[in-house]
Structure formats: C-alpha cells, structure tokens
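Dear colleague,

Please find below the structure that I am handing over to you. My findings follow it.

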Amino acid sequence: IITSGMEVEELFTLTELPAVQLKEIDCPRSGPTFTGKALELLHDKVSKDVRKSTSNQKGDFRPLLFLFTDGKPSDVAVYDEVVPKIKALNFAMIVGCAAGNLADESKLRQITDTVLHLETADSVTLGQFFQWVSSTIDESLGTKGSGLLQYETAPSNEGDQLPPPPDEVTIII
C-alpha cells in the first residue's frame, strides 16, 4: 500500500496475502496527489522485490494493482512518464478506481482499460468496494493453475474478467 498525498509513503510492503495485517489508513481531506511519484515508488519496489521464475527457482505470483483516487495526479508529467513503465511490469491485473465526482477517470484509463467509478466515497461504499477487492483477490488466487498470476506467462491479462462489483460501483468502458 502506497499513499500519494502530500507525501508519498509506503504504508505496507509487498507481502504474501496470508501474512497481511492491515492498519488503519489516515486519508488527508485535501492537498496535492503525487500519483506519479507513488507509481515510481511502486515500480522500484516491484522491480526489486518481485522474484521472476528462473530455471533454478519458482518466482512469485504476478501482483494485482488497484489504483484508487478521488482526484487527479498533481504531478502529471511524472505520471505520464511512469505509466508505460508500470504497464511493462506485467501485473496480473490493473484496476483503476475513481471515487466521487472530482476523480479524473481519463488518467486511470491511461494505465488500464478496467476503470471503476464509485459515486460516493462514504464509509459504506468504500467498505463494500474493499470487500469486492478482497473477493477479486481470492478469486485470482483460486486460478493459480490457470497461469493468471504466474510470472511464467508473458503477456498481461488485461482482459481477464472481474467478478461483478457492488451496486454502488460503476464499470466505465
């Protein structure tokens, strides 16, 4: 988990899912959103920390990326520069989520064809969204044998189907 407010901060490192124990995240009410810097940090972390399969070792599963915003990047030039680098990392799936009426979906569409929109960013809607994210991850882990998450498969599976989202989430095509 990387935040992209006034400061870009890694709150939670790449970790095997069974070992994940999340803490509460404090979200600022306003200010800049350095999404480009956050994606640069993500690129560095994934490039260094995710092990690819070799003839001597089995690699990690391909990570899933959920990019969540209630606005737009404040560092547009950095964002535009890092998007191709993120796409080249071969994530199993990239999902963009725009929350509220101030979120810029066009910037999310630069990084993925899968963009969701939450009409509101209240606690109930966010709770349902993150339950859906959890079920998406669970479903992806259930497809280990299909290669969805295996690094042995070369192309990204951007077209993979997501489970149906809650009613409060609109899929933007």
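The notes below concern the nonpolar cores and one lysine.

Please bear in mind that this is a predicted model.

I begin with the largest nonpolar core, which has 18 residues. Within this core, Leu39, Leu42, Ile86, Phe91 and Ile111 touch the most other members. At least two residues of the core come from each of the helices α1 (35-49), α2 (76-87) and α3 (105-111), and likewise from each of the strands β3 (64-69) and β4 (93-99). Helix α2 provides the largest share, namely four residues. In general, nonpolar side chains in soluble globular proteins tend to be buried together.

Ile86 deserves a separate entry. With residues up to four places away in sequence left out of the count, Ile86 touches Leu39, Leu42, His43, Leu65, Phe91, Ile94 and Ile111.

The lysine is Lys107, which is found in helix α3. Is Lys107 buried or exposed? Its relative accessibility is 14%, and because the cut-off for buried is under 20%, Lys107 counts as buried. The side chain of Lys107 forms two polar contacts that I would point out: one of 3.0 Å with the side chain of Asp80, and one of 2.9 Å with the side chain of Gln110. Leaving aside neighbours within four places in sequence, Lys107 is in contact with Pro73, Val76, Tyr79 and Asp80.

Yours sincerely

Terms used: Residues numbered from 1 in each chain as written. Predicted model: local features only at pLDDT ≥ 70, side-chain atom pairs only at ≥ 80, totals over all residues. Heavy atoms only, no water. Core = buried A, V, L, I, M, F, W, Y, C linked by side-chain atoms within 4.5 Å. Buried < 20%, exposed > 50% of the residue type's maximum accessible area, 1.4 Å probe, protein only. Contact = heavy atoms within 4.5 Å. Polar contact = N/O pair within 3.5 Å; in protein donor to acceptor, adjacent residues only side chain to side chain.
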